[in-house]
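Please open the model in the viewer and keep the selection panel at hand. The stops below are given in the order in which they may be selected.

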Amino acid sequence: MTSERHTVEHDLHEALGGAGCALCALLARSVRRAIDALTYEGVTDVDVRAEIRAARGLCATHGVALRQARQAFGAALAYRAVLGEVLRDLAALPAEPPRGLRRIWRGARRAPLAGRRACPVCDHIGEMQRIYCEGLIQTLQRPGGREQLAASAGLCLPHLRASLASAGDAATIATLRSVHLARYTLLADELDEFIRKRDYRFAREPSGSERDSWVRAIEALSGTPGLHPAAVVDSSPGGTS
Ligand SMILES: [Zn+2]
Ligand SMILES: [Zn+2]
């Protein structure tokens with residue numbers, strides 16, 4: 001546990017020194033590792049193969065990550081197993097629509113051919129996000145932690161939300177708030193400058209750091225696909241959306 005905490009702290013320390021949201025960077029690495037585990041261990045590991053079979057494959061976003069990993073053999077084995085399940089589901093599909101079909105379709109997991117569990121990579125990212133958010137809160141509670149966050153690129157909005165939800169004390173909430181008020185205000189100023197220069201009267205002015213502010217604004221406010229498990233729609237029976 002102590003060494004795990006040490007690793008999380010070390011990871012955060014490095015990621016806060018990089019470009020962009022530190023949690024996005026760490027979770028992107030977690031996705032790559034999960035995909036590697038799936039394609040290497042999935043060849044031999046019964047549990048890993050069972051998870052992806054039960055989910056009837058990865059979600060679309062993590063399916064793209066699997067394709068990009070280009071582990072053709074591991075992917076072929078995993079998805080051959082998934083296809084076996086889907087073929088069995090299809091063969092067993094009732095000829096008549098079940099009663100109360102509408103109600104059933106509302107909950108995606110209960111829809112025809114739905115998997116029995118969520119995408120295993122989404123689950124893993126949810127767990128890693130919880131671990132890194134807790135690590136960040138602990139970092140902020142130590143001397144120099146606030147300065148480290150303030151010197152970083154700041155968190156994207158989805159990870160700021162997740163961190164605020166993990167923060168249990170007023171001082172940590174105040175730190176997250178003040179650091180991001182400053183970060184997001186800078187971004188707003190750059191967007192204002194970008195928008196001002198679109199006016200024909202100022203269009204001849206040379207562009208500065210604001211030139212890619214619109215890209216950074218999308219990244220900061222929308223986050224990165226596949227790294228925000230909390231945003232996944234609750235598709236469990238009885239889920240509200
Ligand atoms: Zn992020
Ligand atoms: Zn997923």
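Select Ala 15 together with Ala 22, Ala 25 and Leu 26, which Ala 15 touches when residues up to four places away in sequence are not counted; two residues are in contact if their C-beta atoms, placed from the backbone, lie within 7 Å. The model is a predicted one, in which local features need pLDDT of at least 70 and side-chain atom pairs count only at pLDDT 80 or more, while totals for chains, interfaces and linings use all residues. Residues are numbered from 1 along each chain as its sequence is written, and chains are lettered from A and ligands numbered from 1 in the order in which they are written.

Ala 15 belongs to helix H1, residues 2-16. Helices (H or I, at least four residues) and strands (E, at least two) are DSSP runs, numbered from the N terminus. Is Ala 15 buried or exposed? Ala 15 is buried, because 23 other C-beta atoms lie within 10 Å. A residue is buried if 20 or more other C-beta atoms lie within 10 Å of its own, exposed if 12 or fewer, and partly exposed in between, with C-beta atoms placed from the backbone.

Which of its 40 residues touch the most other members? They are Cys 21, Ala 22, Leu 23 and Leu 27. Two or more residues each are given to this core by H1, H2, helix H3 (46-54), helix H7 (120-140), helix H9 (157-166) and helix H10 (170-196). H2 supplies the largest share, 10 residues. In soluble globular proteins, nonpolar side chains tend to be buried together. Centre the view on Leu 27, which touches Ile 125, Met 128, Gln 129 and Leu 227, residues up to four places away in sequence not being counted.

Now select H2 (residues 22-40) and helix H5 (residues 72-91), whose axes come within 8 Å and cross at roughly 75 degrees. H2 is therefore roughly perpendicular to H5. Axes are lines fitted to C-alpha atoms, for helices over the stretch in contact, and angles run from 0 to 180 degrees between N-to-C directions; angles under 35 degrees count as roughly parallel, over 145 as roughly antiparallel, 65 to 115 as roughly perpendicular and the rest as oblique. Here Leu 38, Thr 39 and Tyr 40 of H2 meet Gly 74, Ala 75 and Ala 78 of H5.

Proceed to H7 and H9, whose axes come within 9 Å and cross at roughly 70 degrees. H7 is therefore roughly perpendicular to H9.

Finally, select Gly 57, in the loop between H3 and helix H4 (60-69). Gly 57 counts as buried because it has 20 C-beta neighbours inside 10 Å. Apart from neighbours within four places in sequence, Gly 57 is in contact with Ile 52, Gly 63, Tyr 79 and Val 82.

Zooming out, the chain comprises 11 helices and 0 strands, and 27% of its 241 residues count as buried.

Key:
A nonpolar core is a set of buried Ala, Val, Leu, Ile, Met, Phe, Trp, Tyr and Cys residues joined through C-beta atoms within 7 Å.
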